[in-house]
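Here's a quick briefing to read with the model open beside you. Take a look at the chain first, then work through the points below.

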Amino acid sequence: MKRYISQGVQLALQILCCLLVAFVPMAGQGQNLDSLERVLKTKRLTDGERIKVLDDLNWLYNSIDVDRSIKFGKQGLDLAERIGDEKMEATFLKNIGIAYYMHGVLDTALRYLDKAKPIIENLDDYRTRASLFNAYANIYRRQSLYNEAIDNYLKAAEILEKQDDFQALGLMYSNIGGVYQILINNEQALIYHKKAEKMAIKADDKDGLGSVYISLSDIGLYRGAPISESIDYAKKAIAIFQQTGNTLFENKALQTLAKVYYYHKDYTAAEPLIE
């Protein structure tokens, strides 16, 4: 297969659900993480500086090396508790929970989120509150508790709507649309993905927009839309990811286009995409 969806792409899609911001390309991240670890080992840092470095390592490693993410998260949590920094204590608890989610250890992930929740509820930080509900929703989605997942995505969306945070809101609408796709409720899925499209355009979130177009292409197949609609959305996604250099999602978009052709029995058009 010339272009295919690999385990790495599946992980990238999982990451996309976790983030409250647009997809962050991973290229060059390993080098940045090495630099951060060197800073942690070799530099004399204030407690505040050390917490910032540990926070970055905890978050960035959760998509690359979950064990290291958890290790740095627990170091940061210990430091935050020692110096009485409640905001960072809650952040580490939440992000350690997300790391366990990425690792598939869902019970432990929920325990950390439950510890973070009462602290976060008292913080004047809308993004952290929205991120907490998003994290709960992702876990419920993985557990096939789809009503609970939608409820928590909607709680996050309500917070973001009040702040006009278009980029994060677009992701939340996409997450809700994705659950409705799983439930084969294509009309509701369409409603939320079209909302996500509007938010991505407002935020100039190109990768987010490309991901929405992949979903809209797929939904079109099961709504009985003309083949041209699904092809157009898939090709728009491919063009966007080529422009942004996001090869993981470009591959996903190419797979989606091949799926459209196969679904409509146009094997001649599909073959070049999967050779």
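Among contacts in the chain between residues at least 6 apart in sequence, what percentage join residues at least 24 apart? It's 59%, where contact means heavy atoms within 4.5 Å. Before going on, note that this is a predicted model, where local features need pLDDT of at least 70 and side-chain atom pairs count only at pLDDT 80 or more, while totals for chains, interfaces and linings use all residues. Residues are numbered from 1 along each chain as its sequence is written, and side-chain values use heavy atoms, with hydrogens and water left out.

**The whole chain**

- You'll find 14 helices and 0 strands here; helices (H or I, at least four residues) and strands (E, at least two) are DSSP runs, numbered from the N terminus.
- Reading from the N terminus, the elements go α-α-α-α-α-α-α-α-α-α-α-α-α-α.
- Of the chain's 275 residues, 52% count as buried; buried means under 20% relative accessible area, exposed means over 50%, and partly exposed is in between (1.4 Å probe, protein chains only).

- Helix 4 covers residues 66-83, and its 18 residues reach 26 Å from first C-alpha to last, close to the 26 Å expected at 1.5 Å a residue (the expected span is 1.5 Å times one less than the number of residues).
- Its buried residues are Val66, Ser69, Ile70, Phe72, Gly73, Gly76, Leu77, Leu79 and Ala80.
- Lys74 sits in helix 4 too, and it counts as partly exposed because its relative accessibility is 34%.
- Skipping neighbours within four places in sequence, Lys74 touches Ile96, Tyr100 and Tyr112.
- Lys74 and Ile96 are 22 residues apart along the chain, yet their C-alpha atoms are separated by 7.5 Å.
- After helix 4 comes Gly84, with a positive phi near 75°.

- Leu106, Thr108, Ala109, Leu110, Tyr112, Leu113, Ala116, Ile119 and Ile120 are buried in helix 6.
- The cover over those buried residues of helix 6 includes helix 4, helix 5 (86-102) and helix 7.
- The axes of helix 6 (residues 106-120) and helix 7 come within 11 Å and cross at roughly 155°; axes are lines fitted to C-alpha atoms, for helices over the stretch in contact, and angles run from 0 to 180 degrees between N-to-C directions.
- That makes helix 6 and helix 7 roughly antiparallel to each other (over 145 degrees; under 35 is roughly parallel, 65 to 115 roughly perpendicular, and the rest oblique).
- Helix 6 and helix 7 have a left-handed crossing, a label used if the near helix is turned anticlockwise from the far one by less than a right angle, with clockwise being right-handed.
- By class, this contact of helix 6 with helix 7 has 9 nonpolar, 1 polar and 4 charged residues; Ala, Val, Leu, Ile, Met, Phe, Trp, Tyr, Cys and Pro count as nonpolar, Asp, Glu, Lys and Arg as charged, and the others, Gly among them, as polar.

**Helix 7 meets helix 8**

- Helix 7 (residues 126-142) and helix 8 (residues 146-163) have axes that come within 7 Å and cross at roughly 165°.
- Helix 7 and helix 8 are therefore roughly antiparallel, and their crossing is left-handed.
- The contact of helix 7 with helix 8 has 12 nonpolar, 4 polar and 4 charged residues.

**Helix 11 meets helix 12**

- The axes of helix 11 (residues 206-223) and helix 12 (residues 227-244) come within 8 Å, crossing at roughly 160°.
- So helix 11 and helix 12 are roughly antiparallel, and their crossing is left-handed.
- In the contact of helix 11 with helix 12, the classes come out as 10 nonpolar, 7 polar and 5 charged residues.

**Two loop residues to look up**

- Asp164 lies in the loop between helix 8 and helix 9 (166-182), and its phi is positive, near 55°, in a residue other than glycine.
- Asp204, in the loop between helix 10 (186-203) and helix 11, has a positive phi of about 55° although it's not a glycine.
- Asp204 counts as exposed because its relative accessibility is 55%.
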